[in-house]
Structure formats: structure tokens, C-alpha cells
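Biologist: Before I rely on this model, I would like to go through it with you. Could we begin with confidence and then turn to contacts and packing?

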Amino acid sequence: MTRAAPAPALQPRLRDPAWSGRVFWFCAALALLWPALVATEFRPWTLWHADNLKPTRDFLASFLPPAVGAEFLAMVARETWRTVAIATAGITLALVIAVPATLLSTRVLSVSALSGRMARLPFALRQALRWTLIVLRSVPELVWALVFVRVVGLGPTAGVLAIALTYGGMLGKVYGEILESGDDHPCTTLLRHGGGRLQAFFYALLPTHATELTSYTIYRWECAIRSSVVLGFVGAGGLGQQLDNSMKMFAGGEVATMLLVFVVLVALADAASAMLRRLLG
Amino acid sequence: MSAVDARPDRATPRPPAAANPPYRLPPRLFDARCKACWMAAGFIALVVASFWSLDLRWRDFLSAEALSAMGRFFGEFFPPDTSPDFLRKVAIGSAETLAMSALGTLLAAACGLALALPASREHAGAGRVPRASARLLLNALRSIPELVWAALLLISAGLGPFAGTLALAFHTTGVLGRLFADALENAPPGPAAALRVQGVPAGRVLLHATLPQVLPQLLSYTLYRWENNIRAAAVLGVVGAGGLGQLLSFHMGLFQMGKTCTILGAMLLLVALVDALSYASRRLMTR
């Protein structure tokens with residue numbers, strides 16, 4: 001196929017050997033995807049209908065110039081700080097959930113497991129805690145926020161609680177996995193020689209895993225900043241709530257400014273977390 | 001932690017080795033030269049400032065009245081609504097969520113690959129400007145979360161799963177495009193160079209040398225994102241973009257807690273199913 005023109009175009013021996021297979025898989029994928037296309041009402045041409053195109057164009061045109069009034073910028077700065085504060089407070093409360101749960105559910109710290117199998121009651125307790133953490137983790141934080149907005153009303157309390165519960169589950173589960181990975185020899189030695197569980201934790205487990213634990217916590221803090229913006233959309237305060245308000249009023253300039261601030265905030269959190277984790281080594 | 005190692009030990013010159021090392025005082029708790037101390041102090045300051053500046057209404061939240069209201073609220077969740085009609089509606093919502101995530105991920109993989117080509121420098125002679133601009137675009141797409149994209153796209157795509165699909169596709173394009181570009185850049189350059197010196201055009205070089213090498217990696221990235229997107233698609237509907245989330249916000253808005261409970265159960269089931277499947281497939285692949 002790559003030869004110059006004079007030879008007839010598709011001689012059998014010069015055909016691309018992979019071609020028929022690629023065409024087949026493409027058609028097969030299309031056939032498999034057909035139900036999905038129907039279910040999602042995938043009709044891209046509707047985007048170009050006149051009655052869809054006009055509001056889009058108007059909205060996009062109103063992005064320029066971005067809103068830069070002093071009062072508005074002060075509000076954006078305040079809400080940005082609130083977004084960061086919600087994430088930080090949420091992560092702190094998540095630690096309050098995760099640390100005791102990890103201490104109680106780590107298998108390495110079991111005294112009865114030193115001599116063969118773990119006793120029945122501690123095993124049941126550890127397993128129950130683990131499942132609780134998994135359930136906390138697998139409800140999306142947005143759903144927690146929706147529930148808490150109904151209970152405590154609009155405002156940052158709902159956001160902080162939502163982040164605390166979801167991230168508490170995540171941190172607890174992963175802390176447990178981190179502590180159980182690697183060498184458990186120092187820890188079992190301490191326990192065998194009569195050290196308490198807390199002593200074994202502080203003098204054997206924590207020193208070996210501290211870097212990894214801190215690094216994961218910082219990474220999750222970064223994720224929490226990202227999700228606290230989103231939580232604002234259901235009324236949990238911060239930048240997201242203002243973004244939602246401006247969008248509902250079709251105030252394109254304000255939306256543009258806040259999107260820019262948001263992109264910068266995420267980039268900064270990303271950079272800060274990468275730098276801190278590199279410092280930890 | 002590195003708190004102890006990072007501290008320079010500026011004690012007097014080391015005494016001759018004794019049979020038993022002499023006891024030394026532990027280092028001071030805060031040392032201006034220790035980076036970890038400053039880091040910890042900064043974090044504590046951030047946490048205190050956060051709690052101080054947010055108007056958290058713990059008193060309202062933890063009062064006996066509020067607690068009993070919350071108990072009543074959660075009590076209303078039971079029994080969940082399991083009438084066949086409603087279950088069918090939830091099943092349709094779940095299927096919609098799955099379809100949204102699959103289609104969104106597929107679109108994103110295609111667009112991501114298209115953007116990854118200019119964003120990756122295939123060989124030393126390639127230009128810099130397209131790479132930088134494509135990377136900027138990918139970063140912008142990536143740093144706006146799906147939910148914000150969905151809220152923006154509602155204006156042009158209208159309420160419904162189409163907006164959600166597009167929102168997933170936009171965000172995931174940014175994520176996958178960057179991963180794809182890195183994978184393409186890190187592919188072994190040998191086969192591509194061999195074809196290029198023979199005068200094979202760039203498109204064929206990509207199709208027959210670079211792409212086959214990185215295809216398994218691209219596929220596994222895409223599957224991983226699909227897993228994430230199923231979770232994201234479940235809640236995307238909260239702003240009106242279809243799927244289970246839309247049902248959830250609708251019934252929760254009407255305070256039909258039994259139905260809400262069923263939908264939450266369906267969401268948990270979906271997430272658990274995806275987790276189990278991905279865990280099993282990873283076990284299968286690494287074995």
C-alpha cells in the first residue's frame with residue numbers, strides 16, 4: 001500500500017494484514033454500543049439546533065469579560081477560603097474517625113493472633129469495623145451531603161460532615177492496608193515480650209509506615225479540596241454554591257472568573273501536595 | 001518520620017567509642033531548622049483556622065432535638081419501597097447510569113487519543129508549540145470536575161443523560177489524554193524510528209509501530225477510568241443529568257424516603273459490583 005501510484009492499488013499481497021480485524025472489531029463495538037446510545041439519548045445533532053445553539057452562544061459570549069469587580073473578587077476569595085477550610089476541617093474529622101477505627105481493626109495488633117488463630121470476639125469486632133468503613137466509603141460524598149443538607153440545613157456543616165464520613169471510611173480502610181503491608185516482625189516481637197498494643201503501634205508500626213501514611217493523607221486532602229467544590233452544588237457552602245448561583249442566573253462573567261479561580265486552586269493544591277509528598281521522600 | 005533525621009546533629013565532636021553509648025538528651029520538640037516541624041506547625045495552623053472561620057453549627061446539630069429529628073429522618077428510610085413498578089424504574093436508572101459511563105469513557109478514550117497525539121513528542125524533531133497547547137487544553141479539561149461540566153452542559157444539551165454523558169466525556173478526555181500522551185512518549189522509540197527512516201508517513205508509523213506497543217497500557221487506563229466513571233455517573237444526575245442521581249434528587253426533594261432508600265441501595269450495589277469485578281479482573285490479570 002505504501003508503494004507509488006503505477007501499481008494497481010490493492011494487490012492482495014500488499015494489503016494491510018491488520019485491516020479486516022480492525023474493521024470487524026469496530027463494527028462489533030458499534031453493535032454492542034447501540035443500546036447504550038439509545039439509553040443515553042445520544043443525539044449530538046441536537047446541539048446544533050437553533051433553539052439550543054442560541055442560548056449556548058449567548059452564555060459563552062457573556063463569559064467575556066470575566067467579572068472583576070472588587071466586591072465580587074472579595075466574595076470569591078472568601079468562598080475559596082471556605083472551600084479549603086471545609087476540606088481541611090472534613091479531613092481532620094475524618095482522621096478522628098479513621099485513626100481509632102484503624103487501631104481497633106488492624107490485624108497485626110491482635111494479641112490473640114500471636115498464638116495461631118485470632119479469638120472469635122476480636123475477629124468479629126475487627127470484621128464489623130472493616131465493613132462499616134467500607135460502607136462509609138462507598139456512599140459518595142455528594143449523597144452524604146444531600147442527606148445532611150436536609151438534616152442540618154444549607155451551609156458548610158453539611159459539607160464538613162459529608163467529607164468526614166466518606167474520607168473517614170477511605171482513610172481507615174487504606175491505613176489498615178498500609179499497616180498490614182510490609183514487615184510485621186518488630187510489632188509481633190514487642191507484643192510477644194509483653195508490650196501493650198499502643199506501645200507496639202507507636203514504637204514498631206508507626207515508625208516504619210509514617211511516611212506512607214502521611215503521604216496518603218496529604219493526597220486525600222488534595223482530593224477533598226476538589227470534592228468540596230462539588231459539594232457546594234447541593235448547598236454545602238463554598239465556591240461551588242456561588243458557581244451554582246451564578247450559573248442559574250446566567251451570569252457568564254462571574255462563572256468564567258470562578259472557573260478560572262477553581263482551576264488555579266486545583267493546580268495549587270496539586271502542586272502543594274506533590275511538593276509535600278516529595279519532601280517526605 | 002524524618003523529623004529526627006532531618007535535624008542536624010550539631011553536638012560536640014564525637015567522644016571515643018565507649019562500650020555502652022552515652023545517653024543523650026532527646027532533641028528539642030521544635031527546632032527552627034527542622035522542615036518537618038514547620039510543616040506540622042503549618043498544618044496545625046491551617047486546621048485551627050479552618051474550624052475557627054467556618055460557622056459550623058454543632059450546637060444545632062448535636063442538640064437533643066436535632067438528634068431526635070435526625071433519628072426520625074433516618075427512620076423514615078425504612079421500609080424501602082420495593083413495589084415492582086418502582087424497582088423497574090430504578091433498574092432503568094441503573095442501566096442509564098451504566099450506559100452513560102460506558103459511552104462517556106469511550107468518547108473520552110477516542111478524543112483523548114486524538115489530543116494525546118499532538119500532546120506527545122514522538123521524536124526529537126517534533127515541534128513544541130502543539131505539545132504545549134494540547135497539554136494546556138488537557139489540563140483545563142481535567143481540572144474541572146464532571147459535576148461542574150454537567151451543570152455547564154445542561155444549557156446546551158438540556159436535562160437528561162446526554163448532558164451527563166458529555167460531561168463525563170469532557171473530564172475523562174483530560175485525564176485519559178494526559179495518561180495516553182505520557183504512555184506514547186515513554187514507548188520504546190526503536191520500531192517507530194525504523195519505520196520513519198524508511199520514509200513511512202507519520203500516521204502509519206503510529207498505527208503499526210507505536211500504537212501496538214502501548215495498546216495494553218491504554219486499555220488498562222481506560223478500564224480504570226470506566227470504573228471511576230460508573231461511580232461518578234451515579235451521582236451526576238443530582239444536577240439533572242440523568243441516571244440514578246436524578247431519581248435520587250427527585251425523590252429526596254419530595255421527601256419520599258422509602259424510594260430514596262431503594263435508590264441508595266441500588267447505588268451501593270452498583271458500586272460494590274464494579275469494585276468486585278475490577279478486583280477480580282485485576283487478580284486474573286496479575287496472576
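Modeller: The pLDDT is the predictor's confidence in each residue, on a scale from 0 to 100, and what we have here is a predicted model.

Biologist: What is the average pLDDT of chain B, and in which helix of chain B is confidence lowest?

Modeller: In chain B, 90% of the residues score at least 70, and the average is a pLDDT of 82. Over residues 1–7 of chain B, however, the pLDDT is below 50, although this stretch still has 17 contacts in the model beyond near neighbours in sequence. Confidence is highest in helix 8 of chain B (residues 161–186), at 90, whereas the lowest mean, 46, belongs to helix 1 of chain B (residues 2–6).

Biologist: Which helix of chain B gives the largest share of the side that touches chain A?

Modeller: The contact draws on 51 residues from chain A and 49 residues from chain B. On the side of chain B that touches chain A, 35 residues are nonpolar, 8 polar and 6 charged. The largest share of that side, 7 residues, comes from residues 35–53 of chain B, that is, helix 2.

Biologist: Are helix 6 of chain A and helix 8 of chain A roughly parallel or roughly antiparallel to each other?

Modeller: The axes of helix 6 (residues 156–180) and helix 8 (residues 197–231) of chain A come within 10 Å and cross at roughly 150°. Angles over 145 degrees count as roughly antiparallel. Helix 6 of chain A and helix 8 of chain A are therefore roughly antiparallel.

Methods:
Residues numbered from 1 in each chain as written. Chains lettered and ligands numbered in written order. Predicted model: local features only at pLDDT ≥ 70, side-chain atom pairs only at ≥ 80, totals over all residues. Contact = placed C-beta atoms within 7 Å. Helix = DSSP H or I, 4+ residues; strand = E, 2+ residues; numbered from the N terminus. Nonpolar A, V, L, I, M, F, W, Y, C, P; charged D, E, K, R; others polar. Axes fitted to C-alpha atoms, helices over the stretch in contact; angles between N-to-C directions. Parallel < 35°, antiparallel > 145°, perpendicular 65-115°, else oblique.
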